[in-house]
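Keep the structure open while you read.

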Number of protein chains: 2
Amino acid sequence: MDPARVIEGLRTIYPADRVLVRPAELAPYESDALTAFRARPVAVVLPQHRDEVVATVRWCYEHRVPFVARGSGTSLSGGSLPVPGGVVIALNRLNRILRLDPEERLAVVEPGVVNLEVSRAAAPYGLYYAPDPSSQPVCTIGGNVAFNSGGAHCLKYGMTSNHVLAIEAVLADGEVVRFGGESQEEVGPDLVGLFVGSEGLFGIALEVTLRLVPRPEAYRTVLAAYRSLEAAGDAVARVVASGILPGAVEIMDRLSIEAAEAAVHAGYPQDAAALLIVELEGEEPEVEAELKELLEVVRASGAYEVRLARDEVDRQRIWKGRKSAFSAVGRLSPDYLVQDGVVPRTRLGEALAEIERLSRRYGLRVANVFHAGDGNLHPLILYDGRRPGELERAEELAGEILRLCIRLGGSITGEHGVGMEKRHYLAEMFSEQDLRVMRRLREAMDPGRIANRGKMFPEAQETAALRTA
Amino acid sequence: MDPARVIEGLRTIYPADRVLVRPAELAPYESDALTAFRARPVAVVLPQHRDEVVATVRWCYEHRVPFVARGSGTSLSGGSLPVPGGVVIALNRLNRILRLDPEERLAVVEPGVVNLEVSRAAAPYGLYYAPDPSSQPVCTIGGNVAFNSGGAHCLKYGMTSNHVLAIEAVLADGEVVRFGGESQEEVGPDLVGLFVGSEGLFGIALEVTLRLVPRPEAYRTVLAAYRSLEAAGDAVARVVASGILPGAVEIMDRLSIEAAEAAVHAGYPQDAAALLIVELEGEEPEVEAELKELLEVVRASGAYEVRLARDEVDRQRIWKGRKSAFSAVGRLSPDYLVQDGVVPRTRLGEALAEIERLSRRYGLRVANVFHAGDGNLHPLILYDGRRPGELERAEELAGEILRLCIRLGGSITGEHGVGMEKRHYLAEMFSEQDLRVMRRLREAMDPGRIANRGKMFPEAQETAALRTA
């Protein structure tokens, strides 16, 4: 459709100052956290009320104009990359917590509410919202829902899908529906689960009912240093086999330790080949008992240094190092690709050894930071985009790592989603039949194929996304 | 289609002894645990291999013959009632545990495996399968998946959908697909969750990958007796508010106590108006600490008798009473309807008081046994089917109870499903838009509308089911 007509149409819904069309206004929306992709939309609209979102989707459906919903743009898979010629619906102003019920332990929020704000609002009642992606101070619930976001503590608590009770959404054909309810027992198929993780291909969440959980009474955070990455990986299997269920089990390798230490002075042992972070949480006596067992297991696993977070400040420092590792790696290299694959946790050691071999073969450094407890790897592939061909080599290496994950019985994405980035790997993980049924569902929810068009499915109409590199 | 031609077609797939067609052979398949409905299929087939299931579905799709998959027929909502003129695919012979991996904590099973058999097979590794419907010694995993079965311990562990990692299924058009994987982190929408709870309307599970969890080290089971049902309901809110997360929180009222006691001599206090059963589980020190707190809370809630299960035998006796309550009520009345509704747990007291008023108004006794921790009510409506009009009155009363649940913000089914029984209430709980999207999904998965036709949707083609009563 002619851009001028799209803009004209949107101005029937919004006042002029909430329809962004000038290049300088559009620039911040041209990419998300996967900056290797960039695309310019015709317009960005800034709804302040859910009715405006519904009206926009209906207008887009009627005129077959593609749209992309967007929160803070923290997607690492290009999930909120605009569609050229399409509309971006920026949901950040829909940021009200509509209801917080401490008795029923739930919060009803708009999609633009920032993840951490939910926990802040729930704190006076001793409750919090469990899923904790590293971007939690900025990422929004709408984006968390679209990508079924995880986080370090999802080992114990599960992903976003385990914490969403109900969703009111506008489907891609303008139909407003309500999935789920306030009880955990749903009628029929899990439509909430169908919507969560659908990467914006079905429609836009207007209202999300989140489950809140009681804040743990106590935390114990153990930091263990190892002489090899394999030994740390092996320790994870031992911890899991012992029957302890920690809140989080994380591993950082030498390169990421170095980066995090330089960036935030987390107090990590500088000579370690790998660090294991295990956090226990729960009631005081339970945690104390688990700690005793954990320390035994960790010591027996060959850690040469084991220390316990002294207090909350020390604990926060340990986590700050871990959570800033991605950005800290930026100090070691002008560019890097964040990967996100999953392997069965019993095959972690094997996967890490193979990644090291691949790293040497491609002549590119790979920093490993990962949710070890659930086998969710985050290899960071370091490259220099100014050197011709290096991005392509980094992407090839990333592809080999994903294929390795599939081969070991894992998955091409743990929590970042398929988005733009991994569409081409979908067919390597799923059979033609599996993809067909996904497309049948997409068709049922978005007959016009206008919602986040070009994402997830390899064969979908390509967006004319331009690489910046 | 002409029955003779259906039988002829099925005999191209099965040897004659595995295509049941004679009335005496068909009789056991004419109804499930909701015996008020009864219907005769053209044939029952007994596949011994998944390929036979696939071939049957493909044949049915090609000839537009409806089919119903069935396990042990324990559905309380008529979910496995045959479609007249259709085929029943009885999956009980597909009962192999194909793989049990204690390290990855999972079991891959065929759909006809009995729930309890999974836990038996996992026991040597200190693991078990958590969802525990009362029918667990006979009900099958395929049925559990279709109806997203719960159980007393689902308060802590969640429903079936929280314990299924992957499903290989034949969709209703014969396409064989694989949803999910061995990791808990899925790519895209939760298709496993979509299939779980779909009540057989999408297709048939051929292979299910179940999550196993470590058996708790210790249990403490507390039995508390109250002078009123409301006081017991109120105690539940107090337990939940205290931050304790028990494995199970159950309530039985006077009528169900009486019935259970007469049937299995559970040792329940006979003069109680309501019994509260709270079970703690976990590591020894955690459970001990929680028990101390629980006993304080329960004593402060007005219980006039509080006792702790002395040992495992005593504990099993307490549970035996609870789990046999449904069938035990059969001693008090020639017939009864089991209802299954959900209310927010903060409104339990209100719901119970209203059910009592309704019971008096209709002149029918109602026994209440329920999963109080998650607000899942199981009112048993006692009636005598030989008295003209009494079944109809019981059904009317059941309808009023369901409407009460909806009004209080709950749901028409907690764990028994919609099936035949509640199709007509679906439209009272969901909007026209919500139902439309459900039908769009049904259409995407079963374009021929042959899988379990006539269930769940109120407006779907009615089966000519005959009431026995």
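In chain B, the axes of α13(B) and helix α14 (residues 390-407) come within 10 Å and cross at roughly 160 degrees. An angle over 145 degrees counts as roughly antiparallel, so α13(B) is roughly antiparallel to α14(B). This is a predicted model.

**α13 against α14 in chain B**

- The crossing of α13(B) with α14(B) is right-handed.
- On the α13(B) side, the contact is made by B:Ala351, B:Glu354, B:Ile355, B:Leu358, B:Ser359, B:Arg361 and B:Tyr362.
- On the α14(B) side, it is made by B:Arg393, B:Glu396, B:Leu397, B:Glu400, B:Ile401 and B:Leu404.
- Sorted by class, this contact of α13(B) with α14(B) has seven nonpolar, one polar and five charged residues.

**α8 against α13 in chain B**

- Helix α13 of chain B (residues 348-362) also pairs with helix α8 of chain B (residues 229-241), their axes coming within 8 Å.
- These two axes cross at roughly 160 degrees, and α8(B) and α13(B) are therefore roughly antiparallel to each other.
- The crossing of α8(B) and α13(B) is right-handed.
- From α8(B), the residues in contact are B:Leu229, B:Glu230 and B:Val236.
- They meet B:Leu348, B:Gly349, B:Leu352, B:Ala353 and B:Glu356 of α13(B).
- Five nonpolar, one polar and two charged residues make up the contact of α8(B) with α13(B).

**α13 against α14 in chain A**

- In chain A, the axes of helix α13 (residues 348-362) and helix α14 (residues 390-407) come within 11 Å.
- They cross at roughly 160 degrees, which makes α13(A) roughly antiparallel to α14(A).
- α13(A) passes α14(A) in a right-handed crossing.
- α13(A) contributes A:Ala351, A:Glu354, A:Ile355, A:Leu358, A:Ser359, A:Arg361 and A:Tyr362 to the contact.
- α14(A) contributes A:Arg393, A:Glu396, A:Leu397, A:Glu400, A:Ile401 and A:Leu404.
- The contact of α13(A) with α14(A) divides into seven nonpolar, one polar and five charged residues.

**How the two chains relate**

- The same surface serves both copies, as 100% of the contact residues of chain B recur in chain A.

**Salt bridges**

- Over all chains, the structure holds 70 salt bridges.
- One salt bridge joins A:Glu284 to A:Arg220, with the closest N and O atoms 2.5 Å apart.
- This pair links distant parts of the chain, the two residues being 64 residues apart.
- A:Glu284 sits in helix α10 of chain A (residues 284-300).
- A:Arg220 sits in strand β13 of chain A (residues 218-226).

Key
Residues are numbered from 1 along each chain as its sequence is written. Chains are lettered from A and ligands numbered from 1 in the order in which they are written. This is a predicted model: local features need pLDDT of at least 70, side-chain atom pairs count only at pLDDT 80 or more; totals for chains, interfaces and linings use all residues. Side-chain values use heavy atoms; hydrogens and water are left out. Axes are lines fitted to C-alpha atoms, for helices over the stretch in contact, and angles run from 0 to 180 degrees between N-to-C directions. Helices (H or I, at least four residues) and strands (E, at least two) are DSSP runs, numbered from the N terminus. Angles under 35 degrees count as roughly parallel, over 145 as roughly antiparallel, 65 to 115 as roughly perpendicular and the rest as oblique. A crossing is left-handed if the near helix is turned anticlockwise from the far one by less than a right angle, and right-handed if clockwise. Contact means heavy atoms within 4.5 Å. Ala, Val, Leu, Ile, Met, Phe, Trp, Tyr, Cys and Pro count as nonpolar, Asp, Glu, Lys and Arg as charged, and the others, Gly among them, as polar. A salt bridge is a side-chain nitrogen of Lys or Arg within 4 Å of a carboxyl oxygen of Asp or Glu.
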